[in-house]
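Welcome, and please take a look at the model shown here. A short tour of some of its features comes after it.

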Amino acid sequence: MKRLRYAGVLTAVALALAGCGGQKIADDKPAAGGKDCGTFNLTVSPWVGYEANAAVVSYVATKDLGCKVVKKNLKEEIAWQGFATGEVDVNLENWGHEDLKKKYITEDKVAVEAGSTGVKGVIGWYVPPWMAAKYPDITDWKNLNKYAGLFKTSESGGKGQLLDGDPSYVTNDEALVKNLSLNYKVVQSGSETALIQSFRDAEKNKRPLLAYFYEPQWFFNEVKLVKVNLPKWTAGCDAVPAKVACDYPPYDLDKIVSKKFADSGSPAYDLVKRFKWTNEDQNAVARMIAVDKLTPDQAAEKWVKDNQPKVNAWLGR
Amino acid sequence: MTAITSDAEIEVRRPRRSVVAGVLLVVWVAAYFLLRGIDTLALGGQDTTALHRWLNDHRYDLGQGNVLFGGIRIAVGNFVVLLQDLISQPSFDRPVPVIGWLGVVALAAYCAWAFGNWKVAVLTAAGFGFIGLQGLWQESMDTLSLTIAAVLLSLLVAIPLGIWAGLSDRAFKVATLVLDLMQTLPTFVYLAPLTLFFAIGPAAATIATLIYAAPPAVRLTAHAIRSVPPESVEAARSLGSTRGQTLTKVLLPMSRSTVVVGINQTIMAALSMVTVAALIDAPGLGQTVLTALRTLDVGVAFNSGLAIVVLAIVLDRVTTAAGDRPWRTANIRRRILLGVGAVGVLVAIWFSHTYVWAAEFPSDGVLGARIAAITTSVSNWVQDVFGGFTYGVRDAVTNALLNPFEGLLTGSPWWLVAAVVVALAAVLGGWRAAVPAAVCTGLLVATGLWQDSMVTLASTLIATVVVVAAGLALGVWAGRNHRVDVWIRPLLDAGQTMPPFVYLVPFLALFGSSRFTAIAAAVVFAVPVTTKIVADGIKAVPVATVEAANSVGSSSWQVISKVQLPVARRAITLAINQGLIYVLSMVVVGGLVGAGALGYDVSAGFAQSDLYGKGLAAGLAIVLLGVLLDRVTQAAARRTQNYQGSNRIRSRGDKR
């Protein structure tokens with residue numbers, strides 16, 4: 001008993017000595033933020049391309065303008081609601097969403113457009129590269145019926161399977177299958193994770209797969225998917241959703257900010273407004289995040305170092 | 001004993017019911033071949049009905065800018081932020097939280113020791129240390145803050161409600177209905193509207209967690225109070241106890257261990273919401289999981305999933321130890337030790353407040369990176385070795401079982417399916433089952449999602465059958481063998497709290513994107529809770545009863561089937577019910593791996609503004625399926641009990 005007590009006292013003394021020898025916590029934070037930039041809330045939508053945009057913009061805003069950037073991981077729809085509640089100030093990559101623009105920009109006037117990101121979005125039907133090599137004519141939609149038997153699965157009820165992805169994707173696939181008289185059934189994989197995993201498996205094990213996908217996407221760095229050409233898109237051919245029989249339009253991805261943020265006069269708003277780069281730029285950063293496993297901040301730092309002139313243009317220097 | 005007489009009665013009664021049910025099924029299949037394809041009420045993926053559009057147009061009507069919601073949001077939000085300031089986030093103009101890792105570990109271990117015993121105290125310290133070494137200290141503390149807030153608020157509401165439902169039959173009925181709704185309504189359905197009332201962030205996430213986590217505590221508290229033998233209550237009454245005295249001196253102490261199981265389940269449910277809540281920006285480990293899944297990084301997702309599991313196991317063991325600790329005042333020696341310990345904790349907190357080494361966990365996360373790398377290679381190995389075989393299993397089960405069954409449900413005219421369901425309910429459970437069955441099928445038609453509901457129903461039934469079979473087998477095994485129980489429990493906890501998102505990627509690799517994958521994920525998620533409740537019930541069978549059966553030379557199988565299972569009947573009914581509800585709560589997650597139908601509709605409603613109404617209707621359809629199946633199984637169970645002449649339960653119900 002006595003010995004135990006001594007041991008206890010000794011340990012306490014040792015701990016105290018060790019502790020007192022350690023470095024103390026500074027009471028004051030290093031000078032917080034710049035004077036005129038302040039804080040803004042940046043939504044981060046759940047795909048890596050967006051993450052690349054967010055990484056670079058918040059890196060530049062923090063380092064060069066001294067802003068405080070609060071990143072929030074949100075689904076698109078929730079982020080739009082955030083413009084109204086004041087929880088979100090900036091969306092750095094918006095895919096169309098005309099209905100939401102109408103509600104939040106035109107009707108409620110809580111958000112405004114802040115121009116293009118320079119990134120071009122492509123949506124379409126893709127096959128793994130081994131299929132394109134083995135069946136060269138599969139990339140023409142007219143031949144899809146010929147190959148329908150290949151794409152049969154336990155889920156497609158005897159027809160060929162056309163796999164769709166995340167429910168938030170913009171899609172006309174059911175109408176397309178019907179209007180182009182394709183012997184296919186649209187099967188919902190339900191998430192981007194499921195879709196990418198399916199493509200990965202299809203290429204690795206040489207399983208046939210026809211699925212909805214989009215560019216720019218980090219996964220193209222791993223497997224170079226091949227797009228199937230649907231009837232060419234012309235302005236207005238997709239006006240009536242139920243009658244669509246043409247390919248998806250090219251998307252010009254743009255930025256949305258809250259009205260409050262746009263009127264704040266913050267230099268961060270000018271940065272967001274001037275921010276513009278290319279598919280290759282975004283892909284380079286996305287690759288560092290997804291494949292090389294850098295943190296978004298490290299990836300941004302690396303890219304900014306190599307592309308200072310572009311960053312200077314955003315900063316108006 | 002009763003077992004013998006009841007057997008005689010079962011011999012007479014049971015065949016008749018199963019024959020009627022069998023005839024019904026044969027008639028259904030025959031009619032299906034005649035009427036296939038008529039009135040199937042199919043609805044395309046992007047199509048909506050008038051009801052869906054109406055819901056869409058009126059979704060902003062409720063609660064915008066409401067003072068009450070605003071008040072709740074601020075109160076809950078401040079509570080969570082306070083906890084975060086204390087243990088996880090830099091606060092009060094300091095680069096670190098008020099209490100650093102040393103203080104948190106000391107405090108947690110001390111509480112575990114004071115409320116439980118020294119063993120769980122060691123476990124707590126080891127668990128927290130492990131999380132720190134994983135390189136996830138701050139994320140884990142964020143998750144812990146949110147969980148503590150949600151659980152405390154849940155219990156504040158749930159325990160009184162549970163007591164009320166335990167004492168009053170009417171309250172019990174209403175509570176059961178509401179709880180079914182809360183537990184089966186997919187979180188995704190109220191996640192988006194919640195952000196309208198409570199904005200984005202910790203407050204909304206806590207409230208979403210609270211809604212999901214409170215029901216088990218209410219349910220098990222009520223169950224515990226109702227399971228107290230009426231003799232004890234009558235004895236107390238006859239000795240002149242008032243109602244209040246009976247409650248505090250008899251009912252609560254006697255039901256304490258089951259109430260603790262309820263608290264325990266609430267904690268588990270709260271932790272299982274961590275990832276879902278991250279969708280509305282709840283801070284913590286869920287964020288890490290979701291970010292990792294964007295790049296299909298199974299290793300990193302598993303590492304943070306593991307941290308959630310470790311938190312769950314620590315909290316589970318501490319609450320269980322607290323529940324087992326007898327109610328008596330500590331002796332002098334323990335009091336002195338507690339006092340000394342408290343001083344030690346204060347010193348540790350002071351250190352962690354003052355010095356950097358005690359504030360920031362000294363780890364570069366090497367262990368976490370190691371775990372992630374190992375998981376990734378194991379997962380790849382499993383995929384490479386079993387990939388082809390598992391696709392074969394999937395196709396066999398899907399073609400032989402799932403497709404025909406689903407075809408029967410979706411291909412028959414809706415009125416035929418509805419008639420068969422109501423008739424089956426009447427045969428199995430009498431009017432108590434038939435009336436809810438009729439109401440629910442009617443409302444299912446009204447949601448406009450009949451066919452999707454039938455697809456989901458087919459998968460749900462198959463998953464539930466597997467869950468109940470596995471849960472009974474494992475539960476009986478664990479309930480009879482203490483050593484098995486000790487070994488199996490960490491696995492059960494892991495299965496219940498490891499976010500399903502983590503194992504979705506390996507499952508997708510093994511089974512592709514399909515309904516089978518969704519069934520497999522639901523089974524993994526629901527088996528643990530079923531097993532736990534069955535094991536608990538088997539353990540509660542009085543030792544004397546089992547001994548008596550053994551002494552007359554019964555075989556193990558006879559002891560199980562004639563004594564333990566019948567005596568634990570209530571627990572088993574509860575286990576089936578919970579298994580079913582857990583399977584249904586996975587419908588939406590199943591939608592993420594190819595289950596389609598209602599699960600997909602719900603997540604589409606969450607993602608696309610013009611499908612919001614349809615998503616809400618799909619959420620309601622899942623609830624209706626839950627209520628329907630729950631009512632039928634409960635009524636069937638009650639009927640079986642009545643046949644067996646076990647009037648103990650009935651008479652108690654009448655007296656109350």
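## Where chains A and B meet

Please keep in mind that this is a predicted model. In it, 45 residues of chain A are in contact with 56 residues of chain B. On the chain A side, at least two residues each come from strand 2 (68-73), helix 3 (76-85), helix 4 (98-107), strand 6 (184-188) and helix 7 (192-204). Which of these gives the most? That is helix 7 of chain A, with six residues.

Sorted by class, the side of chain A that touches chain B holds 16 nonpolar, 17 polar and 12 charged residues.

## The annotated region of chain A

An unreviewed UniProt entry lists residues 41-305 of chain A as "domain: ABC-type glycine betaine transport system substrate-binding". Over residues 41-305 the chain is 37% helix and 22% strand, and the end C-alpha atoms lie 25 Å apart.

## A glycine in helix 3

Gly82(A) is found in helix 3 of chain A. Is Gly82(A) buried or exposed? There are 26 C-beta neighbours inside 10 Å, so Gly82(A) counts as buried.

Leaving out residues up to four places away in sequence, Gly82(A) touches Thr43(A), Leu74(A), Glu87(A) and Val88(A), and also Ile200(B). As for Asp306(A), 224 residues away along the chain, its C-alpha atom is separated from that of Gly82(A) by 34 Å.

## Helix 22 of chain B

Over to chain B, where helix 22 (residues 500-511) has 12 residues. From its first C-alpha to its last, helix 22 reaches 15 Å, close to the 16 Å expected at 1.5 Å a residue. After helix 22 comes Gly512(B), with a positive phi near 70°.

Helix 22 of chain B is mostly covered, with 11 of its 12 residues buried.

## Helix 23 of chain B

Helix 23 (residues 515-540) of chain B has 26 residues, which at 1.5 Å a residue should span 38 Å. The end C-alpha atoms are 38 Å apart, in agreement with that figure.

Where does helix 23 of chain B bend? The bend, of about 30°, is at Ala526(B), and a proline, Pro528(B), follows within four residues. Helix 23 of chain B is largely enclosed by the rest of the structure, because 23 of its 26 residues are buried.

Methods. Residues are numbered from 1 along each chain as its sequence is written. Chains are lettered from A and ligands numbered from 1 in the order in which they are written. This is a predicted model: local features need pLDDT of at least 70, side-chain atom pairs count only at pLDDT 80 or more; totals for chains, interfaces and linings use all residues. Two residues are in contact if their C-beta atoms, placed from the backbone, lie within 7 Å. Ala, Val, Leu, Ile, Met, Phe, Trp, Tyr, Cys and Pro count as nonpolar, Asp, Glu, Lys and Arg as charged, and the others, Gly among them, as polar. The expected span of a helix is 1.5 Å times one less than its number of residues. A residue is buried if 20 or more other C-beta atoms lie within 10 Å of its own, exposed if 12 or fewer, and partly exposed in between; C-beta atoms are placed from the backbone. UniProt positions are given in the numbering used here, feature names are shortened, and annotations may be inferred rather than shown by experiment. The bend at a residue is the angle between axes fitted to the seven residues ending there and the seven starting there.
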